[in-house]
Structure formats: structure tokens, C-alpha cells
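Subject: Model handover and pocket notes

Hi,

Here is the model we spoke about. Please load it before you read on; my notes follow below.

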Amino acid sequence: MSKQNSSSDKPRPRPHAERGAADRVSIYVVRHANAVARGAWPGSDVLRPLNDRGHRQARALVDHFDTGPGDRGPHTRASCVLPKPTLLMSSRAERCLATLQPLAHACGLPIIAAEFLSEGSAADNFLVQVK
């Protein structure tokens with residue numbers, strides 16, 4: 001008689017605690033920094049820029065991450081320093097791209113524009129892309 005494969009013979013995923021660092025992925029979702037008010041912007045919403053406060057917020061985002069060699073120096077909150085990003089994605093909206101620009105520059109990474117992150121996209125689109 002041949003032995004049939006039972007469900008116990010199949011490899012099972014290891015519990016999270018047993019996985020190595022290479023098995024883990026951290027995803028940080030950042031809403032765009034403060035932008036010019038919708039009603040005050042006469043152009044297309046996708047072109048609506050950050051305001052002065054938003055530019056300061058975008059620069060401050062860098063302080064939350066280890067940006068690798070050439071890091072900007074002392075972080076304002078050392079206990080909050082997150083690992084260096086390996087991928088940056090954004091909607092095509094100017095305010096969103098501008099929010100990530102200082103971090104992209106500090107990390108030497110491009111920003112990948114993704115339609116599934118655009119305003120009005122269904123949340124399911126994001127979840128499918130992340131899988």
C-alpha cells in the first residue's frame with residue numbers, strides 16, 4: 001500500500017515568530033502632507049500641490065526612517081527610527097509625490113506611481129496589489 005499524503009504531510013507556514021527577517025515585509029501607508037485647500041486650487045486636483053506646512057511635513061518624514069549611508073544625522077526621535085525603505089509607491093497626485101520626494105532623495109530610491117493608490121480607487125485594489 002502506498003502512503004497517501006495527508007494534510008499533516010504538507011509543509012505549513014511557520015508562525016510569525018519563527019520567520020526570518022527576509023520573510024517579513026513592513027508596509028507604511030502615508031497620507032499626503034498638508035496641501036493647498038481644494039477650494040483654493042483652480043486647477044486639476046491631481047496637480048494640487050503641498051502648501052508650506054506640507055513641505056515641512058514631507059521633510060520631517062525623513063526623520064522617521066534610517067536612510068542608510070549619509071543619513072541626515074541625529075533623528076528627532078531616535079526611538080522611532082524605522083528601517084530604510086526598499087520601495088516607495090505613490091498615487092500620481094502631485095501632493096502625494098511631493099510628500100515622498102524628500103524621503104526618496106534621502107534613500108536614493110525612485111517613487112513608483114501606481115494607479116491603484118489614486119483617490120477614489122477601491123480599497124480592494126490596494127489589498128490585491130499588496131498580496
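A word on classes before the counts: Ala, Val, Leu, Ile, Met, Phe, Trp, Tyr, Cys and Pro count as nonpolar, Asp, Glu, Lys and Arg as charged, and the others, Gly among them, as polar. Note too that this is a predicted model.

The largest pocket has a volume of about 1,200 Å³. Its lining takes in 37 residues, and Tyr28, Val29, Val30, Met89 and Leu117 are the closest to the centre. The top contributor is α2, with five residues. By class, the lining splits into 21 nonpolar, eight polar and eight charged residues.

Arg38

Arg38 sits in the segment before α1 (52–61). Beyond its neighbours within four places in sequence, Arg38 contacts Asp45, Arg48 and Glu119. Arg48 is 10 residues from Arg38 along the chain, and their C-alpha atoms are 7.5 Å apart.

Ser118

Ser118 lies in the loop between β2 (111–113) and α3. Ser118 has a relative accessible area of 19%, so it is buried; the cut-off is under 20%. Leaving out residues up to four places away in sequence, Ser118 touches Ser91 and Arg92.

Best wishes

Conventions
Residues are numbered from 1 along each chain as its sequence is written. This is a predicted model: local features need pLDDT of at least 70, side-chain atom pairs count only at pLDDT 80 or more; totals for chains, interfaces and linings use all residues. Side-chain values use heavy atoms; hydrogens and water are left out. On a 1 Å grid over the protein atoms alone, a cavity is a set of points where a 1.4 Å probe fits but cannot get out, and a pocket is an open set with protein on both sides within 12 Å along at least five of seven lines; lining residues have an atom within 4 Å of a point. Grid points are joined across faces, edges and corners, and a volume is the space filled by probe spheres set on the points. Helices (H or I, at least four residues) and strands (E, at least two) are DSSP runs, numbered from the N terminus. Contact means heavy atoms within 4.5 Å. Buried means under 20% relative accessible area, exposed over 50%, partly exposed in between (1.4 Å probe, protein chains only).
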